[in-house]
Structures are given as structure tokens and as C-alpha cells.
Amino acid sequence: MSRLTTQMRVSAALRIAKQEQIFASILRKGDKDAGAILVEIQLDARFSRLLARQLNFEGEYEWVALTGDEPVPAFEVTERIEKEISYDPDCWVIMVEDPKGRNIFDASGL
């Protein structure tokens with residue numbers, strides 16, 4: 001069974017976001033085939049959340065909140081992104097502006 005590349009997942013999620021009228025953009029491109037995906041969800045000018053797509057113990061992908069379940073000040077998300085990039089320079093960073101806090105990858109099952 002073939003697997004979607006990271007670049008295809010990102011492109012599909014951005015198209016879905018556009019259809020749902022959610023602003024989303026690529027802040028950083030990573031490895032096009034297998035780069036990790038970080039999603040910064042900006043709830044407003046001050047608060048954000050940071051999600052990452054990770055494998056769980058069952059070998060399935062899931063989205064985890066790297067900054068906790070509650071929104072944090074935007075500068076904390078920026079700092080965490082920089083830290084994640086230092087660990088994994090091939091990762092993608094996607095920014096979503098949505099007061100509802102929706103993850104554009106959840107809507108598409110990507």
C-alpha cells in the first residue's frame with residue numbers, strides 16, 4: 001500500500017482549510033517525503049497551541065499538543081517550534097489562524 005508524502009498531506013490540508021475559510025500557510029518546508037508536521041494554531045494575537053503528528057504505541061498517527069491542552073502565549077509556541085527544529089531540521093511548520101482552534105489535518109483525516 002502506498003503512503004502519502006508529507007508534501008501531499010500538507011497540500012491537501014491547505015486546500016481543505018481554504019474550502020472551510022480557515023487561513024493557513026506554510027511557515028517552514030521540511031522533507032517533502034517524510035518530514036514531521038508541526039501545526040501552530042493561533043487563536044488570537046496573543047494565544048496559540050502547538051500540535052505535532054506522532055506515532056502512538058499501536059503504530060498509528062495521532063495529533064498531540066506539545067504545549068499542553070490549554071492555549072499558551074504565542075511566544076512560548078515560537079520558542080517550542082525553534083526547539084523542535086533544532087531536533088528535527090526536516091520538519092514542516094504550518095500556521096493556522098482560527099479562533100475555534102481547529103486542526104486542518106483533523107478535518108481531512110490526514
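## Salt bridges and nonpolar cores

E84 pairs up with R80 in a salt bridge, their closest N and O atoms sitting 2.8 Å apart; the term covers a side-chain nitrogen of Lys or Arg within 4 Å of a carboxyl oxygen of Asp or Glu. This is a predicted model, where local features need pLDDT of at least 70, side-chain atom pairs count only at pLDDT 80 or more, and totals for chains, interfaces and linings use all residues. Residues are numbered from 1 along each chain as its sequence is written, and side-chain values use heavy atoms, with hydrogens and water left out.

Both E84 and R80 belong to helix α2 (residues 74-87), four residues apart, or about one turn of the helix. Helices (H or I, at least four residues) and strands (E, at least two) are DSSP runs, numbered from the N terminus. In total, the structure has two salt bridges.

| Salt bridge | Closest N and O atoms |
|---|---|
| E84 and R80 | 2.8 Å |
| R102 and D98 | 2.8 Å |

As for burial, under 20% relative accessible area is buried, over 50% exposed, and in between partly exposed (1.4 Å probe, protein chains only). E84 is buried at 17%, while R80 is partly exposed at 25%. D98 is buried at 4%, and R102 is partly exposed at 32%.

Now the cores: sets of buried Ala, Val, Leu, Ile, Met, Phe, Trp, Tyr and Cys residues joined through side-chain atoms within 4.5 Å. The largest nonpolar core has 15 residues, and V39, I94, V96, I104 and F105 have the most contacts inside it. A second, separate core of nine residues includes L38, V72, I81 and V93.
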